[in-house]
Amino acid sequence: MLGYNDTYHMISASTENPPDCLMWSDALAAKYDNDGHFGREQWDQLLGHCQAVCDWPAVAFARELIEAYPEAKVILTTRDVDSWYKWVHHPPPPISPSPTTNSQSSSCLKTVHWRATEPELARLARHDWAASLYRPMLATFWRRFFRDGFEKHGKAVFADHYAEVRALVPPDRLLEYRVGEGWERLCAFLDVPVPREEFPNVNDTSGFVSRCRRRMRAQWCNVALRWAVYGTGAVAVGAVVAAAAARRVARW
């Protein structure tokens, strides 16, 4: 709608290109464990095809991305820390067919919390290739970004993140924006025309949870299909071997 046709979002790694999770894992190791190097060359390899980046795990690399791309404009979405903490900490509501009013910024880390602690995704990661790349990176992000404890450190991480971005980005390249304000300030900052369409609200928590569960069902179906194919192949090979052995015994 604003002309940004390739924006890197968490779904880029979780669904569209799961091998990206390996690079995000390398970036997490370099940042938090001082294991390896992850600089502009690596960021270009991971994000160079994109016009913008948002969501997680990119949120853990505010300093690194700002320093790697000093010419970039930065939008810092704002909200009250206490309401944010309560929202993220509580599990997602049951899926409902009725629309919700959750904003995109509200649902982001709330759903990350759910995904990082969801037993079904952990089980799936033991059998599905994409989940085996995505889930370890997700769990590491959640643990390291929130200093081994969201309940204890979540609000401090929130405050530190905002302070760091404000300190790093010059005022002329920083927009502090509350989702729901509308188009005008956002479009003026990005120097793009104001769309005719109303400001969207399409990434609510219920919809996200529903999509994740549909995808996991599809992944489990793929796992079951592979097991069936492998099992059928093993049975067929066993039958051939048994027949050959029977013929050999008959000749004796």
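Arg166 is in contact (heavy atoms within 4.5 Å) with Leu76, Leu174 and Glu176, once its neighbours within four places in sequence are left aside. With Glu176 there is also a polar contact of 2.8 Å between the two side chains. That term denotes a pair of N or O atoms within 3.5 Å; within protein, one must be able to donate a hydrogen and the other to accept it, and residues adjacent in sequence count only if both atoms are side-chain atoms. As for Leu76, its C-alpha atom is separated from that of Arg166 by 8.7 Å, although the two residues are 90 residues apart along the chain.

Before I continue, a word on the source. This is a predicted model, in which local features need pLDDT of at least 70 and side-chain atom pairs count only at pLDDT 80 or more, while totals for chains, interfaces and linings use all residues. Residues are numbered from 1 along each chain as its sequence is written, and side-chain values use heavy atoms, with hydrogens and water left out.

Where does Arg166 sit in the fold? Its place is in helix 9, residues 150–168. Helices (H or I, at least four residues) and strands (E, at least two) are DSSP runs, numbered from the N terminus. In the protein chain there are eleven helices and four strands.

Is Tyr69 buried or exposed? Tyr69 counts as buried because its relative accessibility is 17%; buried means under 20% relative accessible area, exposed over 50%, and partly exposed in between, with a 1.4 Å probe and protein chains only. Tyr69 lies in the loop between helix 4 (62–68) and strand 3 (74–77). Beyond residues up to four places away in sequence, Tyr69 touches Arg40, Trp43 and Asp44. The side chains of Tyr69 and Asp44 are joined by a polar contact of 2.7 Å.

Let us turn to Asp128. This residue is in the loop between helix 7 (119–124) and helix 8, and it counts as buried because its relative accessibility is 7%. A polar atom of the Asp128 side chain lies 3.2 Å from the backbone nitrogen of Ala130. Not counting residues up to four places away in sequence, Asp128 touches Gln219, Val223 and Arg226.

Next, the interior. A nonpolar core is a set of buried Ala, Val, Leu, Ile, Met, Phe, Trp, Tyr and Cys residues joined through side-chain atoms within 4.5 Å. The largest one has 51 residues, and those with the most contacts inside it include Trp24, Trp43 and Phe61. Helix 8 (residues 129–145) supplies the largest share of this core, eight residues. Apart from it lies another core of eight residues, among them Leu175 and Phe189. Over the protein chain, buried residues make up 40% of the 252 residues.

Finally, how confident is the predictor? The mean pLDDT (the predictor's confidence in each residue, from 0 to 100) of the protein chain is 81, and 79% of its residues reach 70 or more. Residues 93–107 have a pLDDT below 50, and this stretch has 30 contacts in the model beyond near neighbours in sequence. Residues 237–246 are also below 50, and there the number of such contacts is zero. Where pLDDT is low, the predicted coordinates should not be read in detail.
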